[in-house]
Amino acid sequence: MKRTMMSLIGAAAGLAAVAGVAAVAAPDGAAEAAPQGGTRLPVQRSALLCPVPTSSEVGDTTYTSFVPRGAAAGADAKKGTAKLLPAGTVKDSGAGDGTSKQRGKGKGKGKGKDAGRSGGADSGSAIVPPRDTKPVAPLRQAGRPVTATTDAADAPALVGDADGTLAPGWTVQQTTSVAAGNGRGLLGLSCTAPDTTFWFPGVSTDKARQDHVHLTNPGPTDAEVDLELRGKDGELSGTTAEGITVPAHTTVTRLLSTLTGTPATNAALHVVVRQGRVGAAVQASDAKLGSDWLPPAADPAAALVLPGIPKDATSVRLVAVAPGAADADLKVQLATPTGLITPAGAETLHVKSGMTTAVDLKDLTKGEAGSLVLTPADGGSKAPVTAALRVTRGKGANQEMAFIPATRPVDKRATVADNRAKGSTLSLVAPVPGKDAKVKVTASAGSEGGTPVSKTYTVKGGSTLAVDPPRPSGLKGSYALTVEPQPGSGPVHAARTLVQPMGGIPAFTVQTLPDDRGTVVVPTAGQDLSLLND
């Protein structure tokens, strides 16, 4: 393939300013070195979007904003800002599908109040501005978390922006506790960056589930979004929503069951943004299993890692989707504390092109924390797939679910906020046998006081290490954990489990720690730009 050559003489500074908004990571998760003649620099701006937390009258939400100390070393900016601002909300007055166009045989309009939550903005919808425009949890320095709380049933989505020294590595955790009702449980989410495509394997349109996709637009102009649902036989019969308008600085919520007349327990949602960028997340509520957020899964790839299955999981369900033109054949392995094993009866998984496949792995961890590793089966197709796990703890009427999507490895650094004095477990997995991972984990200062503490762990290749993470000395409040692979480390993936029991219900939530992409490679004058995409 010919490579386009471009001279950057006199333009390198301008490219750096543009590239500094987003970071670049190697698609296979390998540590990415700067190309010859290129320079790796901290990003200069970051954006994060937090969806509407809950509509429950008995919900309490905590937002935790944090930037690792030293993340912006070498940045030109001497100071920075990081803030979250309330977004507007689209309230549909009964127009059903808003501006979206439906294709297929089903009507897809839903009923009652659910239909009122499903549309974009049009003449039958109203954009409700936030009651309060003050910043939420504004961050003014690195190294110490800042928190804010709300118990409002009409709390808005938040649009976040960080710049200068507070842009690289900025993370915001949204944690909601709902004491009762169909949405009860502990809901956790690392607020997402805006993008143009998202995959959500593991969604459901079954009557036992209420899954809503939240779309938030941080931009100054309207965004246009398409939604597509796929099941075990391909695209679900009924409708696909096309051209949903998400107004500027506004969030739109859509009930997935209104998109199709076909109930599907193990489906996959594909969000494609035609114009602009949005943040996307799915809030799933189950009548028996509580509720939690399903974050976007990693981009489709030939191999995947799903880290952090709790040791006391009573049920684990895997849902995979093959979005490409070829079927995928996968080897299924569990990375245990002592090495890789193959679950009995689930040695391989065949995923047909354009369809989903689900398998119940039951209580496969058997009292030991683990991580699922999916690789191309021997002699099988290397077609790209993506996947997610629904994990359940507890039994009978006291069950709670959470989701673990396939996640990117930690290349340089990853952070998760809102860790408590009790109830946090950090899972580190080195998925490649023979390639041990060496990782430094830093517990930040507490939000109300405490001194940072660091500890280094070695994870044997092909295994999962689940630990009680280090805690700040003299901790007051909550704190953040930052994971940094050390020189010579093999690939590593990470997840944090937060447990907060509610009476007899073992409420919990799991957040994966993909690389924060806090740096970007900037080419020097006269460099071949194609080297940045090799």
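Biologist: Buried means under 20% relative accessible area, exposed over 50% and partly exposed in between, with a 1.4 Å probe and protein chains only as cover. With that in mind, what does G367 count as?

Modeller: G367 counts as partly exposed, because its relative accessibility is 47%. Before we go on, this is a predicted model: local features need pLDDT of at least 70, side-chain atom pairs count only at pLDDT 80 or more, and totals for chains, interfaces and linings use all residues. Residues are numbered from 1 along each chain as its sequence is written, and side-chain values use heavy atoms, with hydrogens and water left out.

Biologist: Fine. Where is the place of G367?

Modeller: In the loop between β27 (356–360) and β28 (370–376). Strands here are DSSP E runs of at least two residues and helices are H or I runs of at least four, numbered from the N terminus.

Biologist: Stepping back, how many helices and strands does the protein have?

Modeller: Two helices and 41 strands. Of its 534 residues, 55% count as buried.

Biologist: And how much of the contacts is between residues 24 or more positions apart?

Modeller: Taking contact as heavy atoms within 4.5 Å, those pairs make up 82% of the contacts with a separation of 6 or more. The accessible surface, by the Shrake-Rupley method with a 1.4 Å probe, is about 21800 Å², and 52% of that belongs to carbon and sulfur atoms.

Biologist: Switching to cysteines. How many disulfides does a search of the whole structure find?

Modeller: One, where a disulfide is a pair of cysteine sulfur atoms within 2.5 Å. The partners are C50 and C191, with their sulfur atoms 2.1 Å apart. They are 141 residues apart and link distant parts of the chain: C50 is in strand β2 (residues 45–50), C191 in the loop between β12 (185–190) and β13 (197–203).

Biologist: What hand does the disulfide have, and why?

Modeller: It's right-handed, because the torsion about the S-S bond of C50 and C191 is about 110 degrees.

Biologist: Is C50 buried or exposed?

Modeller: Buried, because its relative accessibility is 0%. C191 counts as buried too, because its value is 7%.

Biologist: Now β15. How many of its nine residues are buried?

Modeller: Eight, so by the under-20% cut-off strand β15 (residues 223–231) is mostly covered.

Biologist: Which strand does β15 pair with over seven bridges?

Modeller: That's β19 (residues 267–275), in the antiparallel sense; strands pair if DSSP finds at least two bridges between them. L227 has V271 as its bridge partner in β19, and L227 also stands opposite A241 in β17. β17 (residues 240–246) is antiparallel to β15, with four bridges.

Biologist: And what joins β15 to β16?

Modeller: A hairpin, through two residues. Two bridges join this antiparallel pair, β16 being residues 234–235, and R230 stands opposite E235.

Biologist: Last one: what's the order of the open sheet with four strands?

Modeller: β36-β32-β39-β40, with antiparallel pairing. The edge strands, each pairing on one side only, are β36 (463–467) and β40 (508–512). The twist averages 20 degrees from one strand to the next, using axes fitted to C-alpha atoms and angles from 0 to 180 degrees between N-to-C directions.

Biologist: How many bridges do β39 and β40 pair over?

Modeller: Five, with β39 covering residues 493–499. There, T497 has V510 of β40 as its bridge partner.
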